Protein chains: 2
Amino acid sequence: MDITEFVAASIGRWRSQRSAHHLAFGHFEAIQSEIDIVPLSIEDAAVIDLCKTYNFDPKVAVSPFRMSWAGQSDWEESEAVQGTCVLVPIPDPNQANRGKLLRDQGYAEEIAAVGDYSLTEDGTFVLVTAYDRAAAEEKIWFVNPNVRCRVSLIKTSAGTGVVTASFSSEIRQTS
Amino acid sequence: MDITEFVAASIGRWRSQRSAHHLAFGHFEAIQSEIDIVPLSIEDAAVIDLCKTYNFDPKVAVSPFRMSWAGQSDWEESEAVQGTCVLVPIPDPNQANRGKLLRDQGYAEEIAAVGDYSLTEDGTFVLVTAYDRAAAEEKIWFVNPNVRCRVSLIKTSAGTGVVTASFSSEIRQTS
């Protein structure tokens, strides 16, 4: 599976159950949300702007997409968990199934971010993103075309301590 | 990482936070437990018995171990979640990093089971076990020597439907 196939398989509306484990306190958080993943044109202004921010020629981008989510956490009942971001994969010209992923808003620190992705032999998408004070490591894989799993780890920037580990099971909505 | 190294890295006492997603109902279950993983001798009677049950020569077994767990679910507050089982890896003589895992008690149907394991290039242990009416697929990997992640999927035996997806974050206890 290459990045184009992975993004194509991800397009659609997903119902997500996410559990976050706050490791220091042994605390559980449960979040239910809907996620929409829609393809963008390579000529979309948001895609071109994001490429320019990170000094990439928009011509080398493949399969850009927008991800939006809206949901509810059992921690902050009154507050909706929602957001949207544009993501642009830039394949590495020298290494198959590796590259950069540009994002106009990261969810660990809510700032623009660029991560390093790779796709393993068994079809797992792995994304590592370094922020100023933290690092995020994410694995996403398909169990079947309609079920995705996602594990996200937020670490201290030194990289050794894991602060939060979260798991999402995502079911494709066919309505 | 081969199976001997993987088992060696797993030996110890772990504090586990597990979230189970019951997908049909969108229900979350939270389980906190302690897990003990101790090495067994290849000459341990339980190891020899389990090999005989599945017609393997105990001499081909490597790194057998016992796993015990005790914890509490938020679903059945009054009932302790606990158990113990013996696990015996039998490497495939013809394929590196693949083999059978014998278990004297499976946790999906609480019967003895034999699964197929493999270790991926990035060090993830993958275990697939077929039961009469269900199939279990498990991935375990180390984030660092003191943090393990585990994703378990219980599927219908046809293999397409995912019934339960669960995620454990496991922290080594050093006391």
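**Aromatic rings and the contact between two chains**

In this predicted model, a cluster of aromatic residues turns up in chain A, where ring pairs join Phe6(A), Trp14(A), Tyr117(A), Phe125(A) and Phe142(A).

Counted over all chains, the aromatic pairs come to 10. A pair of aromatic rings is described by how far apart the centres are and by the angle of the planes. For Phe167(A) and Phe167(B), the ring centres are 5.4 Å apart and the planes meet at 25°. That angle is under the 30 degrees that counts as stacked, so this pair is stacked. The Phe167 pair crosses between chains, running from strand E10 (residues 162-173) of chain A to strand E10 (residues 162-173) of chain B. Phe167(A) and Phe167(B) are both buried.

Trp14(B) and Phe142(B) make a tilted aromatic pair, with 6.3 Å from centre to centre and 55° between the planes. This one ties together distant parts of the chain: Trp14(B) belongs to strand E1 (residues 12-22) of chain B and Phe142(B) to strand E8 (residues 134-144) of chain B, 128 residues apart. Both Trp14(B) and Phe142(B) are buried.

Back in chain A, Ser19(A) is worth a stop. Ser19(A) is found in strand E1 (residues 12-22) of chain A. Is Ser19(A) buried or exposed? Its relative accessible area is 3%, and the cut-off for buried is under 20%, so Ser19(A) is buried. Its side chain reaches across to chain B, making a polar contact of 2.7 Å with the side chain of His21(B). With neighbours within four places in sequence set aside, Ser19(A) touches Glu29(A), Ala165(A), Ser166(A) and Phe167(A), plus Ser19(B), His21(B) and Phe28(B) from the other chain. Phe167(A), one of these contacts, is the residue whose ring stacks with that of Phe167(B).

How do the two chains fit together as copies? Chain A can be laid on chain B with an RMSD of 0.0 Å, using a turn of 180° and a shift of 0.0 Å along the axis. The two copies are therefore related as by a two-fold rotation axis. Both copies use the same surface, with 100% of the contact residues of chain A recurring in chain B.

Conventions:
Residues numbered from 1 in each chain as written. Chains lettered and ligands numbered in written order. Predicted model: local features only at pLDDT ≥ 70, side-chain atom pairs only at ≥ 80, totals over all residues. Heavy atoms only, no water. Phe/Tyr/Trp six-rings, centres within 6.5 Å; stacked < 30°, edge-to-face > 60°. Helix = DSSP H or I, 4+ residues; strand = E, 2+ residues; numbered from the N terminus. Buried < 20%, exposed > 50% of the residue type's maximum accessible area, 1.4 Å probe, protein only. Polar contact = N/O pair within 3.5 Å; in protein donor to acceptor, adjacent residues only side chain to side chain. Contact = heavy atoms within 4.5 Å. Least-squares fit on C-alpha atoms with pLDDT ≥ 70 in both.
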